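Me: I have a model open and want to learn how to read it. Where do we start?

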Amino acid sequence: MNKTVNELQNQFRQLRLSETAEELPQLLREAEKTSWTYLEFLESITRYELAKREAKSLDKRMKWARFPFLKSLDEFEMEGQNVLTTRQLTQLRELSWLEQQYNLILLGPPGIGKTYIAIGLGLEAVYRGFNVYFASMGELVQLLKTEEYLNKSKVQLKRLRSADLVIIDDLMYMAMDQREANLFFHLINHLYERSSIILTSNKSPDEWGHLIGDQGITTAILDRLLHRVEVIHGGENEESHRMKNRRSIFSAEV
């Protein structure tokens, strides 16, 4: 009997059913106790393998996302904040904007929950099977500048470029030089209509030109970011003509 089980385990491994191979002795014991039919036993095996594969896939997506902390939107305090209404938050959590490759820009001063909301939505996306990548603006610029000669940067940027959702935190918190601005533009251009992007910033897009230093690059970046976007203000901000005429996620009555 043990020889047969060992042979079956090896065969499962050859079929790349490694999780089932490890659990097979336990599954067989349960089958004997409960008098499973052959069909029930096969269903148990397939359910177990699929559940373990999904758990491993979720763990992998969570590690690749690189969230600095893990807090769900269920923990977000709606009272006392002026970033989102309950209805807007519910609508965002449905992730239809992600499926349609819309972007989100969360604007406002520090401490109002922009990063919290971005990570919360990122977690929702990970749990729904999407690939997510989180980086602060400082980390992102460093990755772009070192991609040519650091393997670690190449690996991280490959993951970022293949993500369904890219979260860039603290956008434009510092000025860029010409090379950094060009690298950032090429990244945004690559992600355009391939991925959704969530940006958090305490600077309005109207101010980004001063930090990027090149109006042509700024215009090109904004054209791609604001093509399909929802700009969410956590504070008083004037909307530019470009943002007033963007395509919005939320209906007018929200």
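Reply: Start with burial. Buried means under 20% relative accessible area, exposed over 50%, and partly exposed in between, with a 1.4 Å probe and protein chains only. Of the 254 residues here, 45% count as buried. This is a predicted model: local features need pLDDT of at least 70, side-chain atom pairs count only at pLDDT 80 or more, and totals for chains, interfaces and linings use all residues. Residues are numbered from 1 along each chain as its sequence is written, and side-chain values use heavy atoms, with hydrogens and water left out.

Me: How many helices and strands does the protein have?

Reply: Helices (H or I, at least four residues) and strands (E, at least two) are DSSP runs, numbered from the N terminus. The protein has 12 helices and five strands.

Me: What share of the contacts comes from residues 24 or more positions apart?

Reply: Contact means heavy atoms within 4.5 Å. Take the contacts with a separation of 6 or more: residues 24 or more positions apart account for 73% of them.

Me: How do I read a nonpolar core?

Reply: In soluble globular proteins, nonpolar side chains tend to be buried together. A nonpolar core is a set of buried Ala, Val, Leu, Ile, Met, Phe, Trp, Tyr and Cys residues joined through side-chain atoms within 4.5 Å. The largest one here has 36 residues, and L140, I168, F184 and W208 touch the most other members. Helix α9 (residues 178-191) supplies the largest share of this core, six residues. Another core lies apart from it, with 31 residues, including L73, L89, L121 and V126.

Me: Which residues does L140 contact, beyond its neighbours within four places in sequence?

Reply: L140 is in contact with A135, L157, L160, I168, F184 and L187.

Me: How do I check the length of α9?

Reply: Compare the expected span with the model. The expected span of a helix is 1.5 Å times one less than its number of residues. For the 14 residues of α9 that should be 20 Å, and the end C-alpha atoms are 20 Å apart, which agrees.

Me: Which residues of α9 are buried?

Reply: They are E180, A181, F184, F185, L187, I188 and L191. Look down the helix axis next. The arc is that of the directions from the helix axis to the C-beta atoms. The buried residues of α9 fall within an arc of 165 degrees, so they line one face of the helix. Their cover includes α7 (137-146), α8 (151-161), β3 (165-169), β4 (196-201), α10 (205-212) and α11 (215-225).

Me: Is E180 buried or exposed?

Reply: E180 counts as buried, at 10% relative accessibility. Leaving out residues up to four places away in sequence, E180 touches V141, K145 and A175. L191, also in helix α9, counts as buried at 0% relative accessibility.

Me: Where is M172, and what does it contact?

Reply: M172 lies in the loop between β3 and α9. M172 is buried, with a relative accessible area of 0%. Beyond neighbours within four places in sequence, M172 is in contact with M137, F184, S201, K203, W208, L211 and I212. M172 and S201 are 29 residues apart in sequence, yet 6.7 Å apart in space, C-alpha to C-alpha.

Me: Which side chain makes a polar contact with Q156?

Reply: A polar contact is a pair of N or O atoms within 3.5 Å; within protein, one must be able to donate a hydrogen and the other to accept it, and residues adjacent in sequence count only if both atoms are side-chain atoms. The side chain of Q156 makes such a contact with the side chain of Y133, at 2.7 Å. Q156 sits in helix α8 and is buried, with a relative accessible area of 12%.

Me: How many residues of α6 are buried?

Reply: In α6, 12 of the 14 residues are buried, so the helix is largely enclosed by the rest of the structure. Among them are K114, Y116, G120 and E124. Just after α6, G129 takes a positive phi of about 100 degrees.
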